[in-house]
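Good morning, and thank you for joining this meeting. Please take a moment to look at the sequence and the structure on the screen.

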Amino acid sequence: IVGGTYIAREDTNGYIYRGDSANALLIGANVFYYGVGAAIYNYFGSTIQECNIYNYSGTGAILDQSGAIVKDSTIYSKTGYAVKGGEVSNGIKVYAEALNNVVEHGGLNAGSAINIINPNARVYGGVIIARDFGTSYPILIGASDAIIENVSIRQTYPVNNAKIIRIATGVTNPIILNCTLEVSSVGGTHVGISAADTNTPVYYAGLKFINKSSGAFDP
């Protein structure tokens with residue numbers, strides 16, 4: 001599918017569907033979704049590129065984990081999920097690569113804007129605006145050897161002691177390069193990079209930390 005504007009009615013349960021074993025491409029499309037299922041269901045190595053996806057209640061897009069990529073797209077999620085890759089997660093669940101996306105996590109449910117779940121997955125470029133309770137994170141690194149590079153990350157929800165990048169239990173060798181981490185929350189001590197396990201090695205370089213909150217910001 002190349003180009004076009006697609007608006008799903010409120011009782012839609014599945015809108016743009018490609019469920020066979022072939023690669024699928026959705027490029028340059030505007031998708032407005034108000035339904036209860038998924039606006040876009042792509043399978044096996046599919047690509048969503050240069051699209052604008054506005055999701056108001058259901059799921060913006062479901063991608064299979066076999067090499068699927070969301071690239072150069074703007075994704076807005078209000079109360080549902082922007083993109084999910086097989087399991088429930090607010091925002092993008094990264095199996096392979098997420099490149100140059102704009103992700104606004106506008107919901108108030110637990111779940112991270114970007115959740116890395118496969119080893120060696122990569123998040124490169126783009127902007128993440130997260131509005132979480134403090135029980136979820138703008139980026140959750142849930143697999144080893146992940147690379148996050150050239151991403152601008154903003155935590156804007158007014159919560160105490162916010163965390164920007166979180167490393168899950170058992171994860172090793174995360175690499176974070178040339179990113180900007182900004183916190184605009186309220187009081188407490190906000191943390192740029194934190195890990196569930198103590199003494200977790202983290203490799204990082206070229207980071208910029210911006211504190212626009214009323215509290216402290218500990219890199």
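I shall begin with the chain as a whole and then turn to its cores and to some individual residues.

Please note at the outset that this is a predicted model. The protein chain has 25 strands and zero helices. Of its 219 residues, 49% are buried. If we take the contacts with a separation of 6 or more, 61% of them come from residues 24 or more positions apart.

The largest nonpolar core has 26 residues. Among the residues with the most contacts inside this core are Ile 116, Ile 141, Ile 153 and Leu 181. Two or more residues each are given to this core by β14 (114-116), β15 (122-130), β16 (139-141), β19 (163-167) and β21 (180-183). Which element gives the most to this core? That is β19, with three residues. Another core, of eight residues, lies apart from this one, and its members include Ile 16, Ile 48, Cys 51 and Ile 53.

I return to Ile 153 for its surroundings. Leaving aside neighbours within four places in sequence, Ile 153 is in contact with Ile 128, Pro 138, Ile 139, Ile 164, Ile 165, Thr 180, Leu 181 and Glu 182.

Gln 155 lies in strand β18, which covers residues 152-155. Is Gln 155 buried or exposed? Its relative accessibility is 2%, so Gln 155 counts as buried. The side chain of Gln 155 joins that of Ser 185 through a polar contact of 3.5 Å.

Next, the cysteines. Cys 51 is buried because its relative accessible area is 1%. Cys 179 also counts as buried, at 1% relative accessibility. A disulfide is a covalent bond between the sulfur atoms of two cysteines. How many disulfides does the structure hold? The number is zero.

Finally, I turn to aromatic rings. The structure holds one aromatic pair. Phe 209 and Phe 217 form this pair, which is edge-to-face, with 5.8 Å centre to centre and 75° between the planes. As for their accessibility, Phe 217 counts as buried because its value is 15%, under the 20% limit. Phe 209, at 29%, counts as partly exposed.

Conventions: Residues numbered from 1 in each chain as written. Predicted model: local features only at pLDDT ≥ 70, side-chain atom pairs only at ≥ 80, totals over all residues. Heavy atoms only, no water. Helix = DSSP H or I, 4+ residues; strand = E, 2+ residues; numbered from the N terminus. Buried < 20%, exposed > 50% of the residue type's maximum accessible area, 1.4 Å probe, protein only. Polar contact = N/O pair within 3.5 Å; in protein donor to acceptor, adjacent residues only side chain to side chain. Disulfide = S-S within 2.5 Å. Phe/Tyr/Trp six-rings, centres within 6.5 Å; stacked < 30°, edge-to-face > 60°. Contact = heavy atoms within 4.5 Å. Core = buried A, V, L, I, M, F, W, Y, C linked by side-chain atoms within 4.5 Å.
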